[in-house]
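Please open the structure in your viewer and keep the selection tool at hand. The stops below say what to select next and what is there.

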Amino acid sequence: MDKVIREPADAVSDIPDGASLAVGGFGLSGIPETLIRALHAQGASSLQVVSNNCGVDGQGLGILLAAGRIGRVTGSYVGENKEFARQYLSGELEVELVPQGTLAERLRAGGCGIPAFYTPAGVGTQVADGGLPWRYAPDGTVAVPSPAKETRVHDGRPHVLEHGITTDFALVRAWRGDRHGNLVFRRATANFNPLAAMAGRITIAEVEEIVEPGALDPDQVHLPGVFVQRVVPLTAAQAADKQIEKRTVRA
């Protein structure tokens with residue numbers, strides 16, 4: 001029941017080349033920065049990442065991207081990262097763009113054992129009809145287009161079939177957690193972290209504050225420990241290292 005692994009390097013040591021990863025966070029809010037850096041040092045490559053976005057240049061998943069360690073990204077937002085755009089448009093990176101709400105539900109569905117579901121999001125667009133560029137050729141033509149998806153009418157309204165997502169591993173960040181893996185997410189970190197954690201077959205959580213089992217109010221637990229296999233305590237410096245993309249200061 002004690003799932004604590006003290007060193008981030010030990011927690012990610014068995015992630016192999018080509019592994020699929022669900023990664024929590026929204027922009028740079030709530031990203032598992034310490035685990036990402038440990039994975040960068042570990043050296044795994046050709047990773048298939050599922051995340052709302054792929055970090056920014058030099059931070060978050062942008063670190064793995066700049067090192068050429070990511071082969072495919074499933075996400076909903078690709079801004080704020082020039083290297084991402086360069087790799088995608090040059091044909092080095094395969095990208096599946098998914099409506100944000102659909103991506104959230106695909107992760108949740110995968111974590112709940114739901115293989116597929118219907119949603120009206122994307123009907124009448126290339127999301128449903130196919131043709132979105134998953135991968136470009138070096139000459140700028142579309143090498144791999146997205147396939148068309150099944151659509152069906154429910155209650156008089158067309159819906160598109162989407163599949164749940166499960167991944168080999170998940171990397172997430174939590175505010176508090178116990179040694180059994182029960183997690184609490186604070187404010188904006190409760191974005192994609194719980195959903196990514198549910199989708200991973202092996203979920204690794206970096207936690208700012210570790211408490212003893214029983215110290216967390218059960219009514220306050222956002223993610224039960226059944227979804228978490230490894231808990232990595234952060235140092236005070238690691239816990240305090242919280243970056244944002246843009247700082248706006250009002251005069």
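Helices (DSSP runs of H or I, at least four residues) and strands (runs of E, at least two) are numbered from the N terminus, and the expected span of a helix is 1.5 Å times one less than its number of residues. This is a predicted model, in which local features need pLDDT of at least 70 and side-chain atom pairs count only at pLDDT 80 or more, while totals for chains, interfaces and linings use all residues. Residues are numbered from 1 along each chain as its sequence is written, and side-chain values use heavy atoms, with hydrogens and water left out.

Select helix α5, residues 100–112: at 1.5 Å a residue its 13 residues should span 18 Å, and the 19 Å between its end C-alpha atoms agrees with this. Gly 113 follows the helix with a positive phi, near 80°.

Just after α2, Gly 43 has a positive phi of about 105°.

Now select Leu 28, Ser 29, Gly 30, Thr 189 and Lys 242, which, of the 20 residues that line the largest pocket, lie nearest its centre. A pocket here is an open set of points on a 1 Å grid over the protein atoms alone, where a 1.4 Å probe fits, with protein on both sides within 12 Å along at least five of seven lines, and lining residues have an atom within 4 Å of a point. The volume of the largest pocket is about 330 Å³.

For the aromatic rings, a search of the whole structure finds one pair (centres within 6.5 Å). Select Tyr 88 and Tyr 136, whose ring centres are 5.2 Å apart and whose planes meet at 65°, so the pair is edge-to-face (over 60 degrees). This pair links distant parts of the chain, with Tyr 88 in helix α4 (residues 82–89) and Tyr 136 in strand β6 (residues 133–136), 48 residues apart. Both Tyr 88 and Tyr 136 are buried.

Finish at Trp 175, where the charged end of Arg 176 sits over the ring, 5.7 Å from its centre (CZ of Arg within 6 Å of the ring centre and within 35 degrees of the ring normal). Arg 186 also lies over the face of Trp 175, at 5.7 Å from the ring centre.

Methods. Grid points are joined across faces, edges and corners, and a volume is the space filled by probe spheres set on the points. Rings of Phe, Tyr and Trp (its six-membered ring) pair if their centres lie within 6.5 Å; planes under 30 degrees apart count as stacked, over 60 as edge-to-face and the rest as tilted. Buried means under 20% relative accessible area, exposed over 50%, partly exposed in between (1.4 Å probe, protein chains only).
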